[in-house]
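Subject: Structure handover

Hello,

Here is the structure I promised to pass on. Please open it first, then read my notes below.

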Amino acid sequence: MGDIRGKRVLVREDLNVPMKDGVVTDDTRLRATVATVGELADKGAIVLILAHFGRPKGAPNPEMSLAPLTRPYSAVLGRTVMFIGDCVGETAESAVAALNPGDIAVLENTRFHAGEEKNDPALVEAMAKLGDFYVNDAFSAAHRAHASTEGLAGRLPAFAGRAMEAELDALEKALGEPEHPVAAVVGGAKVSTKLDVLKHLVAKVDHLIIGGGMANTFLAARGVNVGKSLCEHDLTATADEIMDAADAAGCTVHLPYDAIVATEFKPNPATRTVNVHEVREDEMILDVGPAAVEALGDVLKNCRTLVWNGPLGAFETPPFDAATVNLARTAAALTTEGSLVSVAGGGDTVAALNQAGVADKFSFVSTAGGAFLEWMEGKELPGVKALVRA
């Protein structure tokens, strides 16, 4: 980028943080922007932050304005953050013209314009008028071909921000050119939401560990009676296909062989630890059992790379977080001692790792939900492709 003092840099960040009564309840995404925004401001750039908030559906909505974010964002950055009431047009242009080198401003919600999600060339052109350079630092929005995530990269000299760079480096180590053996943990409620992920992973990894409600569908495909567990019985043939594909690719699929079961799904009910073949008709599988978790820990001890998406059990409801917490702690310990590169992502996953107290001990934890999932599916992400092209 060279000498950028006094240059206007449009930086696409993800400021779509959870808020309650005007207070940010989780500032992870704000903290992820500090490296890029701070570096640009220190070099004397005029930093113009583009971001969306909520789903205003292409029209201004005061409840989804980015204005209330400027105070908590200033606190995170340790610098003054100004607010500009639009991201295009005369209001934005005159406000930007008044800024000085090193100033930081958040522009109003890009999704207040219908052209944002349509990647409208006219909106791209109007945004581009505000800047000399474009930096995309929002991997979590990179699966969207929007004006502020894809369009601008074709209109201005474009670069990846520090957070985007770190994310892409981590993902490359995890699935692009990983050190084998590679293990993937895939959990979550339904096979149907992770079909493309599972089909892609069996050709990429050496060990596929399936947990959560989706494991029940695979167990049912193997002829196990899963009682009244969450199970997509209509997808057992698909589960068989995935296991056949894994066999053909030399990938070992790990399903639970013991489980924690209960007759009702509520916090701290009466539970039994049983072999999966001993689940009664009135019981549901709510977590992976301790013997299986210990065996999975041994699998990770023989791996060099781990990709993790989704919890092993109904982790939000105690005591069904035990398997996720225990396996996450094993992965964290192996990462700390240097024998494992561990990359995790997805909303539930981040929450589960925080609950286990190990999110900071994994090699990399992505806060991107949809983009992380599409990357795991092997899809090309428009925001990343646009940067590569640029």
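Start with two helices. Helix α13 (residues 322-336) and helix α14 (residues 347-356) cross at roughly 75°, and their axes come within 9 Å. α13 is therefore roughly perpendicular to α14. (Angles of 65 to 115 degrees count as roughly perpendicular, under 35 as roughly parallel, over 145 as roughly antiparallel and the rest as oblique.) On the α13 side, the contact uses Thr324, Val325, Ala328 and Arg329; on the α14 side, Ala352, Leu353 and Ala356. By class, this contact of α13 with α14 has five nonpolar, one polar and one charged residues.

Some background. This is a predicted model: local features need pLDDT of at least 70, side-chain atom pairs count only at pLDDT 80 or more, and totals for chains, interfaces and linings use all residues. Residues are numbered from 1 along each chain as its sequence is written, and side-chain values use heavy atoms, leaving out hydrogens and water.

The terms used here:
- Helices are DSSP runs of H or I with at least four residues, strands are runs of E with at least two, and both are numbered from the N terminus.
- Axes are lines fitted to C-alpha atoms, for helices over the stretch in contact, and angles run from 0 to 180 degrees between N-to-C directions.
- Contact means heavy atoms within 4.5 Å.
- Ala, Val, Leu, Ile, Met, Phe, Trp, Tyr, Cys and Pro count as nonpolar, Asp, Glu, Lys and Arg as charged, and the others, Gly among them, as polar.

α10 (residues 212-221) and α11 (residues 236-249) pack at about 85°, with axes 8 Å apart. That makes α10 roughly perpendicular to α11. Thr217, Phe218, Ala220 and Ala221 of α10 meet Thr236, Ala239, Asp240, Ile242 and Met243 of α11. The classes in the contact of α10 with α11 are six nonpolar, two polar and one charged.

Now the sheet. Six strands form an open sheet, ordered β5-β6-β4-β1-β7-β8, with parallel pairing. (Two strands pair if DSSP finds at least two bridges between them.) β5 (82-84) and β8 (158-160) stand at the edges with a single partner strand each, so one side of each has no neighbour in the sheet. The twist averages 25° from one strand to the next. Inside the sheet, β1 (residues 8-12) and β7 (residues 133-136) pair in the parallel sense over four bridges. Arginine 12 stands opposite asparagine 136 in β7.

Last, one side chain. Tryptophan 375 touches Phe139, Leu171, Ala174, Leu175, Val307 and Leu381, not counting residues up to four places away in sequence.

Best wishes
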